Amino acid sequence: SALSSRSLTSWLRVTRSAQRLSQVQRTLRLAPAISASCTSCSRSYRPSPANACSSYRRHLHTSDARRGKVVKFLLADIGEGITEVTVKEWYVKVGDRVSQFDNIVEVQSDKSAATITSRFDGVVRKLYYEIDGLAKKDFPLVDIELDGPGDEVEEEDTPQQQGVINEVSSVIEAIDSGKVPATPAVRRIAREHKIDLSTIAATGNKGRVLKEDILRHISLQKGEVVRPSTQSPPAPVSMLQEIRPPPSTAEAPTPKPFVPAAAPSVVRQDQTMAIRGFQKAMVKTMTAANSIPTFGYADEIDVSSLALLRANLKGLFKGRGVKLSYMPFFIKAASMALVHYPVLNSSPNADCTELTIKGDHNIGIAMDTPQGLVVPNIKSVQDKSVYEISVELYRLMELGSSGKLGMADLTGGTLSLSNIGAIGGTYCRPVLLPPEVMIGALGKVQTLPRFDDDGKVIKASILNISWSADHRVIDGATVARFSNLWKSFIENPHKMLVDLR
C-alpha cells in the first residue's frame with residue numbers, strides 16, 4: 001500500500017516481463033532436439049536462441065508459452081458481495097472460437113445482470129453449466145484451449161491466486177491515469193467526435209463504455225435516438241414505426257388456416273422451485289420494508305388536459321423514434337415537486353438516527369419483466385427534459401425486457417413510481433423500496449363523468465394515485481402537500497413550463 005502509483009505500475013510490468021521470459025526459456029528447454037526451418041527465411045536450425053534467426057527470436061518473445069493448453073476460465077468476483085449467479089444465456093458453444101473481450105455468457109445475480117467476456121484467444125472445449133444453472137464464484141465457467149500448439153500442462157491458478165490477480169489488476173486500473181475502460185474502437189469513435197469518455201453513462205461490466213453507450217450519447221447530442229442494435233431483441237413495431245399494409249400483389253396470398261391456441265394444462269403435481277435472481281432480491285427488500293411503519297395517501301387526478309397535450313406531441317416524438325406515454329410527464333412533475341419538498345428525496349441510516357437528503361432526483365420505475373419485478377431508475381431527472389426522460393425510459397424498458405439491466409441502472413434510486421395501471425386496477429397500496437422514503441402507484445386512466453365549474457356533467461379522464469411514505473421520518477401533511485403540488489402540474493401541464501428545465 002506504500003507503493004506509489006508509478007512504482008506499482010513499474011513493478012507489475014517488470015514482473016510480467018520476467019514471467020514471459022521464464023515461459024520462453026521453459027519452452028526452449030522442452031522443444032524437441034530436431035532441425036526445423038523458419039517460416040520467414042527458410043533457414044534450418046535447432047530451436048535454441050543461439051542459432052535462431054531474429055524473426056524466430058522475435059516470434060518467441062511475443063508468444064505465450066501456454067498456447068495450446070486448456071485453461072479453466074473461472075467466475076471471478078463481480079463485486080457487491082455476490083458469490084453466486086444464475087446462467088441466463090450462453091453466447092458460445094463447444095467448438096466455437098473466441099477472442100479477448102468476446103461475450104461468453106450472460107449471468108444474473110439477485111442485484112443485476114452482467115455479461116462476462118473472454119480473457120483469452122482460443123477454442124471453447126467445455127461448458128460447465130446449463131441454462132438456469134447456479135454458478136459459484138472462483139469455480140470454472142468454461143474450458144478454453146488457447147491458440148497454437150503446446151503440450152505443456154501447468155497447474156491452474158487457485159481461487160486465492162486468482163483473487164490476488166484480480167485485486168492487483170483493479171488497483172492498476174484505478175490508478176493508471178484514470179482511464180475509462182473501453183475498446184480501441186470505442187476510443188476511436190470518441191476521438192472522432194471529441195467526446196470525453198468519462199462523461200458517458202457506461203453500461204458495460206466494471207464501468208466499461210460500450211459501443212452502444214457512445215452511439216447513444218452522440219444521438220442525444222443530435223436530438224436523435226439510436227435504434228436498437230441487431231444483437232438486441234427487436235423493438236415492438238408500434239414503438240418505432242408506423243404499421244403499413246403490405247404491398248399489393250397480383251395474386252392474393254393464400255390465408256393460413258386458423259389454429260386455435262391450446263388451453264393451458266393443469267399441473268397435478270407439486271413443484272418446488274428455487275428463488276433466485278431478482279426474486280431473491282425482492283425477498284430481502286420486501287422483508288425490510290415490512291418492518292417500516294407506512295403512511296398511505298390517495299387521490300384522483302384529472303388528466304384530460306395532459307391527454308390533449310400528449311396527443312399534440314405524439315407526432316413530434318414519433319418522428320424522433322420514441323413513443324410518448326404519460327409516464328415522462330409523471331416523472332418530471334414528481335421531480336419538480338421534490339424541489340419544494342426535498343425531505344421526500346432522502347434516505348435514513350440503518351438505525352434511523354440520521355436522514356440524508358439526496359442532491360439528485362433519481363426516480364425509479366417499477367417494471368414487470370420476464371425475470372420478475374425490477375425497479376431501474378432515471379438519473380438526475382431534475383436536469384432532463386420530458387424528451388430526454390422518454391429516451392431514457394425507452395432504454396430502460398428495452399434492457400429490462402431483455403434482462404440486461406446493469407447495477408448502475410438498478411441502484412441509487414431516491415423515489416419510485418409504479419405504473420400498475422398499465423395492467424389494471426385503480427387504487428393500491430405500494431410497498432416502500434428501502435432506503436427510499438416515498439413511492440407512488442398509478443392506476444389506470446378511466447373515462448368517467450365529472451362536474452365542471454358550471455355544474456354540468458362532462459367526460460373526464462381520471463387517474464388514481466396512491467402514495468406510501470416512511471412514517472418514521474415523513475409526516476402525513478408533507479405527503480399531502482407534495483401530492484397536491486404534483487397533481488396541479490399534471491392537471492395543468494402549462495404550469496410546468498414556468499420552472500421546466
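Biologist: How should I read the confidence of this chain, and what is its mean pLDDT?

Modeller: The mean pLDDT, the predictor's confidence in each residue from 0 to 100, is 76, and 70% of the residues reach 70 or more. This is a predicted model, in which local features need pLDDT of at least 70 and side-chain atom pairs count only at pLDDT 80 or more, while totals for chains, interfaces and linings use all residues. Residues are numbered from 1 along each chain as its sequence is written, and side-chain values use heavy atoms, with hydrogens and water left out.

Biologist: Over which residues does pLDDT stay under 50?

Modeller: Where pLDDT is low, the predicted coordinates should not be read in detail. Here pLDDT stays under 50 over residues 24-66, which have 49 contacts (heavy atoms within 4.5 Å) beyond four places in sequence, and also over residues 225-246, with 31 such contacts.

Biologist: Which residues of helix α7 are buried, and where do they lie around its axis?

Modeller: An α-helix has 3.6 residues a turn, so residues three or four places apart point the same way. Helix α7 (a DSSP run of H or I, at least four residues) covers residues 277-289 and reaches 19 Å from its first C-alpha to its last, close to the 18 Å expected at 1.5 Å a residue. Its buried residues (under 20% relative accessible area, 1.4 Å probe, protein chains only) are Gly-277, Phe-278, Ala-281 and Ala-289. Seen down the axis of α7, these residues fall within an arc of 75°, taken from the directions to the C-beta atoms, so they line one face of the helix. Their cover includes β6, β7, β15 and α11.

Biologist: In what order do the four strands of the open sheet lie?

Modeller: Strands (DSSP runs of E, at least two residues) pair if DSSP finds at least two bridges between them. The order here is β7-β6-β4-β9, with antiparallel pairing. Because β7 and β9 stand at the edges with a single partner strand each, one side of each is left without a neighbour in the sheet. Strands β4 and β9 pair over three bridges, and Val-85 has Ala-135 in β9 as its bridge partner.

Biologist: Is Lys-194 buried or exposed, and which is Ser-380?

Modeller: Both have a positive phi without being glycine, near 55° for Lys-194 and about 50° for Ser-380. Lys-194, in the loop between α4 and α5, counts as exposed (over 50%) at 77% relative accessibility. Ser-380, in the loop between β16 and α10, is buried, with a relative accessible area of 17%.

Technical notes. Expected span 1.5 Å × (residues − 1).
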